[in-house]
Amino acid sequence: MTKGSAWIFALGVALLATPPASAEDIAKTLSLPVAGGLVGAKDKARFAWVENEAGVRNIWIADKGSPARRLTVFDEDDGLEIYDLELTRDGSALAYVRGGDAEFPDMEDIPNPASFASWPKQQLFVSLLDGGAPILIGEGHSPTFSPDGKNLAFTYRGSIYLWQRGQEARRIAKVAGEVGNLTWSPDGGSLLFTDNRGNHSFVGLFTVGASAVRYLQPELGFSDEPVFSPDGKKVAYVFFVDPPAGAAPDSGPYWSLRVADAATGETRTLWSAPAGEGGRWAGTRGRNLHWAADGKIIFPWERTGFLHAYAIDAKGGVPHDLTPTALELDTYTLAPDRKALVYTANLASETDRHHLWRVSLDGRTPEPLTKGDGVESYPVFAADTLAVTATDMRHPAYPAQVGKALAPIGPAPAANGFVTPEPVTFQTEDGFTVHAQLFRAKGPGKHPALIFVHGGPRRQMLLGFHPSGYYSNAYILNQHFAAEGYDVLAVNYRSGTGYGRAFRDPPGIARDGAAEYRDIEAAGRWLAAQSFVDPRRIGIWGGSWGGYLTALALARNSDLFAAGVDFHGVHAMVRGIENNLSPDAQTTGHELQWASSPMGSIEKWRSPVLLIHGDDDKNVDFGQSLLLARELTARRIPYRDLVFPNERHGFLRYADWLTAYRAADDFFRDMLANTKAR
């Protein structure tokens, strides 16, 4: 085995082929392992990540030059997530959380989708990687090891705890909000964090053993993304306020960079975003603020209308665009020497893929590190070795070492029989360019067709498996539908990411007029105009915000959409309006919210729908589906329903995904594939 190939998983299952999903069963394809949560040790070429294989979640470890190995031995589809992986600098120990909700880790209502009689807990463990059983630390999340690896700090419902090997965890501080971004100082003496209190947040600094938490310049807004300077003497963070309702796009500025003295707390404004493009705070899905070498601070900014990474001297000056060749950043991180930035981004010439780039902080041209038909996300270093979470048209997310070519460092089985999605663009009546991916059905003649609508709406579907498990599953179902004879169009509608600020935040979206629905209607009419599509048999499906747009499509255009599958969608959009508007303006706003809702057009709804929802959903209230079911019943509009007791928004059990997808498959077969248009 060569040095490079030693990373490839060596147990005979790497790059295995799985038969394509059939009309009767998509279980095998949906059970392909999906990797996530990739982390690396700072001083050793050791990576760790979570594999979810048919709902069975386990942690894997890989050392450079050695085959990957499974650390944990769980064997049930129990819905217990594993997350918040954290390695010591030397890679000798790993902390992780099992149970609870990774999206809402401080919530007292712990998920129990398997309906265990003894309700599960959120539990924090530490595994010593030289052997021995994992150590149960207690309830908590967001673990972070001190630089010397001797102390582990973590948080649980507003408290900060400290654990040392051989001792019980003890609470060292309590705050009023939720603790986020918990970080040790370089000397291991203090903890930096965000105290999120809902409608505002502070940056807190706590010296271990002190009697009080210090807050760095509390203000009327959100202080977030705190980071220590390399010597620990300074703290940088972002301060922002949300623009008020009705604010002009070029108003502001609404955010700035602050630098504080860690010893005295004295804080100054390093730089303020000017009014105009980029005047509102926007970040990536990862850590956004980094303190690099030579006193440079790295931060995201949309000054060009697209999210790029900028560098500014910590003493002040003019920000410099580090990523001018990118269209839009996805995520980024500093190289170990803090002198270069590694990032994933798309290009104007290839909008629906993310590739990996490296750029030095001295202003040189960025260097591409990957290319081709894949998608790379979440770059991570272990010592000086770089890895990413990789996908492509046939492989769900797997960890891969970055070199002359990507080399899998863990399981990377592939799906067979998939079609190659084609990039498509079309225009809406109001002049927007919409991007989509077309999954062409095989066979002659006119086919039934489907629109897929992603959720979020801050998402972007890609030309291949998505790094997110939720959308990895959606990609599988779209491929399954194509194999079943449907032409499927996955639509990246306005208010999504990947195409710039003007696309992500245009006027009139969501409760302010549902402008994004124009893109969905345009997609349906584009499909109807294709020679290979039967325009009388077009369906639509989606989840969350995609469920909302699915319901809105059926309510407004049952003439175009013959059937739909609505996963946990929003159906009544009316909610409170800010008090900066007059009572008359608030009334007008509520009327617009109602008109933007599926309920606002329900009298026109005629097409059948399948409603799917877990009743423990914390993102979209289960009552939204209860409401719609009652209204459909009252109007004798045909619907089916599928309810999962104790299940969350993004289903935590493989069995529930499989049941839901089989139900969607059966529904569209009955409504579109096996019937003529009504």
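Good morning. The structure is a predicted model, in which local features need pLDDT of at least 70 and side-chain atom pairs count only at pLDDT 80 or more, while totals for chains, interfaces and linings use all residues. Residues are numbered from 1 along each chain as its sequence is written, and side-chain values use heavy atoms, with hydrogens and water left out.

I begin with the overall form. The chain holds 8 helices and 42 strands; these are DSSP runs numbered from the N terminus, helices being H or I with at least four residues and strands being E with at least two. Along the principal axes, the C-alpha atoms fill a box of roughly 70 × 65 × 55 Å. The radius of gyration is 25 Å, which agrees with the value near 26 Å that a compact globule of 678 residues would have. That radius is taken over C-alpha atoms, and the globule rule is 2.2 Å times the number of residues to the power 0.38.

Of the 678 residues, 58% count as buried. Here buried means under 20% relative accessible area, exposed means over 50%, and partly exposed lies in between, with a 1.4 Å probe and protein chains only. The accessible surface comes to about 26800 Å², and 50% of that belongs to carbon and sulfur atoms; the areas come from the Shrake-Rupley method with a 1.4 Å probe. A contact means heavy atoms within 4.5 Å. Among contacts with a separation of 6 or more, 56% are accounted for by residues 24 or more positions apart.

I turn to the charges. The chain has 66 positive and 78 negative charges, and their mean positions are 2 Å apart. Lys and Arg count as positive, Asp and Glu as negative, and His and the chain ends are not counted. Each charge is placed at NZ of Lys, CZ of Arg, CG of Asp or CD of Glu.

How many salt bridges does the structure hold? There are 31 salt bridges, each being a side-chain nitrogen of Lys or Arg within 4 Å of a carboxyl oxygen of Asp or Glu.

Arg-287 and Glu-225 meet at 3.9 Å, N to O. Arg-287 lies in the loop between strand 21 and strand 22, and Glu-225 in strand 18, so the pair ties together parts that are 62 residues apart in sequence. Arg-287 is partly exposed at 33% relative accessible area, whereas Glu-225 is buried at 10%.

In the second pair, the closest N and O atoms of Asp-373 and Arg-353 are 3.8 Å apart. Asp-373 sits in the loop between strand 29 and strand 30, and Arg-353 in strand 28, so parts 20 residues apart in sequence are tied together. Asp-373 is partly exposed at 47%, and Arg-353 is buried at 11%.

In the third, Arg-640 and Asp-670 approach to 2.9 Å. This pair links strand 42 with helix 8, the two residues being 30 residues apart. Arg-640 is partly exposed at 34%, as is Asp-670 at 36%. Beyond these pairs, Asp-101, Asp-109, Asp-616, Lys-618 and Arg-648 form a network of salt bridges.

Finally, Ala-262. This residue lies in the loop between strand 20 and strand 21 and is buried, at 11% relative accessibility. Leaving aside residues up to four places away in sequence, Ala-262 touches Leu-205, Arg-214, Gly-232, Lys-233, Lys-234 and Val-235. Its C-alpha is 8.7 Å from that of Leu-216, a residue 46 positions away in sequence.
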